[in-house]
Amino acid sequence: MILTVDIGNTRVKAAVFEGNNALENFVFEKNELEKKIEKILKKFINCSDLVVASVGSVEKQAFLTFENRLKVHFFTHEDVFPFHNKYATPKTLGIDRMILAGGATLQFPKQNRLVIDAGTCITYDFIDENDNYLGGAISPGLRLRYEALHNFTARLPLLTLEAPDNYVGNSTPQAIHSGVVNGFVYEIDGFIDEYRKEFSNFIIILTGGDAEFLAKRLKNTIFANSNFLLESLNQTYQYKIDND
């Protein structure tokens, strides 16, 4: 069994896998990390590996306390990945984006793939049918857009995510919801349309915390999987073991 842990900018997600089957998923706050992992390992006593992908601020020491019980691996740029990294600055490419690209390459072989991760930031990552990682884009996620409107203006309120009642917002809150949510959807559909001009045939994978909210609002056909990063972490780790 493999325990995968994804440390994001806001929360920690984890899952226990046996082969490619997810036995259970977990979501918790960063300050609960050691307590939650201890609880998971007590429940799944046959876990042999703990695999971590981190873009957050959690210290490695929090995981190293478990080294006497199972193998602990932190993914880095030095690991073996199933794609050719064509990024102009490969060392600056986020580990989370590399893991997503690895999972897309392994799950959807010999296809053009666009991975869209809608979390604190929204990232776009494109891997072509020859397994070349070409790059993508990064922009603010939904929560950051709400916060920016509040923090960088004098009077706009801080709102939480809500589906707008109409495209024409008839109040300041509704105008904010319309602008943030509809603008976000238009951005994603616009990026997809631009990729489609150059690559006529590709699969679109939508993941991240806001994936389910967005999936039904996009005009393009997508494969939505909010746990795709954890699945990719498990599969990329197995690929690394087989190819080291």
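1. In this predicted model, helix α4 (residues 142-151) and helix α5 (residues 172-198) have axes that come within 10 Å of each other and cross at roughly 140 degrees. That angle makes α4 oblique to α5, since angles count as roughly antiparallel when over 145 degrees. The crossing of α4 and α5 is right-handed.

2. The α4 side of this contact consists of Leu 142, Arg 145, Tyr 146 and Leu 149. They meet Ile 176, His 177, Val 180, Val 181, Gly 183, Phe 184 and Glu 187 in α5. By class, the residues of the contact divide into seven nonpolar, two polar and two charged.

3. Helix α3 (residues 95-107) has 13 residues and, at 1.5 Å a residue, should span 18 Å; its end C-alpha atoms are 18 Å apart, so the two values agree. The helix is mostly covered, with 11 of its 13 residues buried. Among the buried residues of α3 are Asp 96 and Arg 97, as well as Ile 95, Met 98, Ile 99 and Leu 100. Gly 102 and Gly 103 are also buried.

4. Asp 131 lies in the loop between β8 (121-127) and β9 (132-140). Is Asp 131 buried or exposed? Its relative accessibility is 13%, so Asp 131 counts as buried, the cut-off being under 20%.

Note on methods: Residues are numbered from 1 along each chain as its sequence is written. This is a predicted model: local features need pLDDT of at least 70, side-chain atom pairs count only at pLDDT 80 or more; totals for chains, interfaces and linings use all residues. Side-chain values use heavy atoms; hydrogens and water are left out. Axes are lines fitted to C-alpha atoms, for helices over the stretch in contact, and angles run from 0 to 180 degrees between N-to-C directions. Helices (H or I, at least four residues) and strands (E, at least two) are DSSP runs, numbered from the N terminus. Angles under 35 degrees count as roughly parallel, over 145 as roughly antiparallel, 65 to 115 as roughly perpendicular and the rest as oblique. A crossing is left-handed if the near helix is turned anticlockwise from the far one by less than a right angle, and right-handed if clockwise. Contact means heavy atoms within 4.5 Å. Ala, Val, Leu, Ile, Met, Phe, Trp, Tyr, Cys and Pro count as nonpolar, Asp, Glu, Lys and Arg as charged, and the others, Gly among them, as polar. The expected span of a helix is 1.5 Å times one less than its number of residues. Buried means under 20% relative accessible area, exposed over 50%, partly exposed in between (1.4 Å probe, protein chains only).
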